[in-house]
Amino acid sequence: MAEHILVKHYSWYLSKLGPSVSNNLVEISKASGDVNELIGKLRGLMKFNNTFFVLKGDDFKMVGKISNGDIVNAKLTMSGKVYVYREAIAKLFTLTGNAELKVYRMSSDDAIMAVVENMEQ
């Protein structure tokens, strides 16, 4: 519900307040099913750099970045608690149930160019 309110009712307004910055994220994979199967899919994506993921279940949400074959900047919100970095990754393997996995890639060169271009506007 909160995501809907922010995205549909406020993001258009907030984007007009500051300079336009493109995030250059491209969705490269989307899957849903058992958490253990999705963790297996996530392992298969470890070969990519500048890859970001969101793993969302009924009672948890994990976001992170894949860089040089490792999950970095991981954050898991579960049962009202927030776990970060190694603790989040350790908790990842205790998750059960169904979830949805979305994976995004970003070209860092494109992102840097977009920032530089917007600096001169």
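Does Ser67 count as buried or exposed, and at what relative accessibility?

## Ser67

At 19% relative accessibility, Ser67 counts as buried, because buried means under 20% relative accessible area, exposed over 50%, and partly exposed in between (1.4 Å probe, protein chains only). The model is predicted: local features need pLDDT of at least 70, side-chain atom pairs count only at pLDDT 80 or more, and totals for chains, interfaces and linings use all residues. Residues are numbered from 1 along each chain as its sequence is written, and side-chain values use heavy atoms, with hydrogens and water left out.

Ser67 belongs to strand 3, residues 60-67. Apart from its neighbours within four places in sequence, Ser67 has contacts (heavy atoms within 4.5 Å) with Asn49 and Val72.

Strand 3 runs antiparallel to strand 4 (residues 70-78), and seven bridges join them; two strands pair if DSSP finds at least two bridges between them. Ile66 lies opposite Ile71 of strand 4. The two strands form a hairpin with two residues between them, and Asn68 in the turn has a positive phi of about 55 degrees.

Strand 4 also pairs with strand 5 (residues 81-84), in the antiparallel sense, over four bridges. Here Leu76 stands opposite Tyr83. Two residues separate the strands of this hairpin, where Ser79 takes a positive phi near 50 degrees.

## The whole protein

The protein has four helices and six strands, which are DSSP runs numbered from the N terminus (helices H or I, at least four residues; strands E, at least two). Of its 121 residues, 25% count as buried.
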